[in-house]
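Take a look at the structure below.

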Amino acid sequence: MATVALRKLTKRYGPIDVVRGIDLDIADREFIALVGPSGCGKSTTLRMIAGLEDISDGEVLIGGEVVNDLPPRARNISMVFQSYALYPHMSVRENMGFSLTIAKRPKEEIARRVAEAAAILHLEPLLDRRPSQLSGGQRQRVAMGRAIVRQPEVFLFDEPLSNLDAKLRNEMRTEIKKLHAKVQATVIYVTHDQIEAMTLADRIVIMRDGHIEQVGTPDDAFRRPATRFVAGFIGSPPMNLVEASIADGEIVFDSGDRLPIPAPYGKSVKAGQRIVFGLRPDDLYPSGHGLNTGHADNVHERSLKVNLTEPLGNETLVFLDFAGRDWVSRMLSPRPLAIGASIPMTFDLSHAHLFDNATGAALAREEA
Amino acid sequence: MDKNRASRRWKSLAHLGRFVALTLAMAFICLPGAWIVISAMRPTVEIMAKPPVWIPHELSFQAFISMFGVIGQGGVPVFAYFRNSLIISVTSTVIAIGIGMSGGYAFARFRFRGKSAMFLGLMLTRTVPGIALSLPLFIIYARLGILDTHFALILTYVALNVPFTIWLIDGFFRQVPKDLAEAAQIDGCTRWQAFWRVEFPLAGPGIASSGIFAFLTSWNEFALASQITRSVASKTLPVGLLDYTSEFTIDWRGMCALAVIMIAPALTLTFIIQKHLVSGLTSGAVKG
């Protein structure tokens, strides 16, 4: 098992920097998710770790050794591709055993290790089929089986679930989590789906435009987003983010609407500063229908007009008019709401986030 | 119910129509070939008869027998021609496929300067009519002293076939997803092993069909071969057909008999390889 470290890792295609000098330390047996919108450089980073892409600058270390110039086969890694990349001219058994065949392992050992992996992934009945005879979910499992058989130090996953339908994706997500618990290897998992990242990873790395925006536990990224981008990217539905100014000891939106400055930010804002005010849908709710109804000192109530509702059964998403735009709120134990009616809404400001408008960085927070 | 019956009747009529149309088309396509085989076995009088005699009155293998007989009495050095044809076609095909595979792979997988210009250049060579090359080739080969050798024809056919094999094989390698070679490299293959164990088997059927194409081009080529070859040392079968023409007469029966000898191996080869030309071999590699 092995640690992975990236030192000022850079990838250039001509004049374009796709990955801009990123630093990252991944602990042994850690599950790390690289997440970000398409084109943020996450897949390129993974491919540089795998050795499928040349490194323009910086270093990749696996198990403490620089592997920059080692071919993929010498890095002791396995990779699961988005497209699965199963060898169509081989049976499932041959696909899974291919790495061992190449390594010229004895036949009995290959058979044993393929059988072990097949048992973990429930692939036994499919071993003699060709990839073309398998469903999407089965192909996905074979691709994982092929990775397991190799017993690598590091598993690399490149958006492994994005070709599956929603139901299957949830099932496979659970399987991957179980798998990690079983095989105890370091995992680097690339995805654009923040839910996959949040549910699977020990730590998530949020990337944008070739650099890292934040590294932290899913809880960190959700509760303490380091930048405006992370705040908007993590969480579903996304955080309400609205530009505003600080004036008269209050937050003044461009529409003229006002909110009190949240208590944790009392000391970090200056009069006249341009900020972005962020509030998660969970922290804006029809009064009496939220999670945190306790601390009355940080809540603010006002009446807002309902534009649209999206009932989800156990909760309803309510879209409201405030400060000149739509805000999303999450209503727990929902009751029917009339469109166009004004209802009392609670702003839980103890969970609000303020970001500098120019840099996008989170402002310093004083925890109570 | 009536609608169903009408529709059913219409369907079977359409089926019959398709059958008749296809039979006619096949008859039309096969007629020249069949005519050669029949003409090889009937007397010259019947071949030249006007109006044509459709059903042969008598069939004999006389032409085949005398073909292998004494030269000058209807005999032709069939074995020598056959050997020349085989050596030249097989060698030039193997070389053209080798170069075509390397070139096609490079065009399909690598990015390099001037790629599209080079590709276009290769295609443009195909726009020159082969016969236009015969005089320049003749002069060059004469100066080099390689007229009437296997080497001269092999060189010519390789040059003729390479652009086409590169173009075809490029297409087949493009159909093999890049991910597969990458997966193979992660599984422990060298770049070379990944090619031979994964990409080559998947592009195999395509490469085989380019091979057939190159072989048939060389096997059937007449215009250039008739200029470059002089004697039994290098004459190929198509050029050998000319042995049946003399100053005032043409032995159509003998010529057809030799043509049958020429068609047979090409047909056999195509049948053998055709079995392996299974399309859609890459299905199931990627995506769900």
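## An edge strand and its partner

This is a predicted model. Start in chain A with β6(A) and strand β7, which covers residues 154-158. The two strands run parallel, and 4 bridges join them. Find Ser78(A) to see the pairing at one position: Phe155(A) in β7(A) stands opposite Ser78(A).

Helix α4 of chain A, residues 136-149, lies across β6 and β7 of chain A. Its direction is about 180 degrees to that of β6(A).

Now widen the view. β6 and β7 belong to an open sheet of 6 strands in chain A. The order across the sheet is β6-β7-β8-β3-β9-β10, and the pairing is mixed. Which strands stand at the edges? They are β6 (77-80) and β10 (211-216) of chain A. Each has a single partner strand, so one side of each is left without a neighbour in the sheet. From one strand to the next, the twist averages 15 degrees.

## A covered strand

Move along the order to β3 of chain A, residues 31-35. Is this strand mostly covered or mostly open? It is mostly covered, with 5 of its 5 residues buried.

In a regular strand, side chains alternate between the two faces of the sheet. In β3(A), both faces are covered. Phe31(A), Ala33(A) and Val35(A) are buried on one side. Ile32(A) and Leu34(A) are buried on the other.

β3(A) also pairs with two strands. Strand β8 of chain A, residues 186-191, runs parallel to β3(A) and is joined to it by 5 bridges. Strand β9 of chain A, residues 203-208, pairs with β3(A) in the parallel sense over 4 bridges.

## Where chain B touches chain A

Finally, turn to the contact between the chains. How many residues does each chain give? Chain B gives 22 residues and chain A gives 28.

On the chain B side, two elements give two or more residues: α8 (178-186) and α9 (191-220) of chain B. The largest share of that side comes from α8(B), with 6 residues. By type, the residues of chain B that touch chain A divide into 11 nonpolar, 7 polar and 4 charged.

Definitions and conventions: Residues are numbered from 1 along each chain as its sequence is written. Chains are lettered from A and ligands numbered from 1 in the order in which they are written. This is a predicted model: local features need pLDDT of at least 70, side-chain atom pairs count only at pLDDT 80 or more; totals for chains, interfaces and linings use all residues. Two strands pair if DSSP finds at least two bridges between them. Axes are lines fitted to C-alpha atoms, for helices over the stretch in contact, and angles run from 0 to 180 degrees between N-to-C directions. Two residues are in contact if their C-beta atoms, placed from the backbone, lie within 7 Å. Ala, Val, Leu, Ile, Met, Phe, Trp, Tyr, Cys and Pro count as nonpolar, Asp, Glu, Lys and Arg as charged, and the others, Gly among them, as polar. A residue is buried if 20 or more other C-beta atoms lie within 10 Å of its own, exposed if 12 or fewer, and partly exposed in between; C-beta atoms are placed from the backbone.
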